[in-house]
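Look at the sequence and the 3D view below.

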Amino acid sequence: MIYAEKSTNKYIRERMEKFMSKVAVVYWSGTRNTAAMATAVAEGAQEKGVEVSLMFCVEFDAALT
């Protein structure tokens, strides 16, 4: 059973690395608090090697992703 769990975790990790290598962090912020959090999320993702687009909600177009 442990082998199956490790195998499944490896599969999930590999799939996430393939499909989560590019993310868009889209936010709206009236007081800049959410902007600060969005920036922190984007920086954290970049540290993990993810290509990140950080954009305000009016900049976002689903066709860009």
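S29 sits in the loop between β1 and α2. Helices (H or I, at least four residues) and strands (E, at least two) are DSSP runs, numbered from the N terminus. This is a predicted model: local features need pLDDT of at least 70, side-chain atom pairs count only at pLDDT 80 or more, and totals for chains, interfaces and linings use all residues. Residues are numbered from 1 along each chain as its sequence is written, and side-chain values use heavy atoms, leaving out hydrogens and water.

S29 is buried, at a relative accessible area of 11%. Buried means under 20% relative accessible area, exposed over 50%, partly exposed in between (1.4 Å probe, protein chains only). Setting aside neighbours within four places in sequence, S29 contacts T34, A35 and F56. Contact means heavy atoms within 4.5 Å.

| Backbone nitrogen | Distance to a polar atom of the S29 side chain |
|---|---|
| N33 | 3.4 Å |
| T34 | 3.4 Å |

Now the strands. β1 and β2 (residues 51-56) pair in the parallel sense over six bridges. Strands pair if DSSP finds at least two bridges between them. V23 stands opposite V52 in β2.

Last, the core. The largest nonpolar core has eight residues: V25, Y27, A35, A38, A42, A45, V50 and V52. Such a core is a set of buried Ala, Val, Leu, Ile, Met, Phe, Trp, Tyr and Cys residues joined through side-chain atoms within 4.5 Å. Its largest share, four residues, comes from α2.

Definitions and conventions: Polar contact = N/O pair within 3.5 Å; in protein donor to acceptor, adjacent residues only side chain to side chain.
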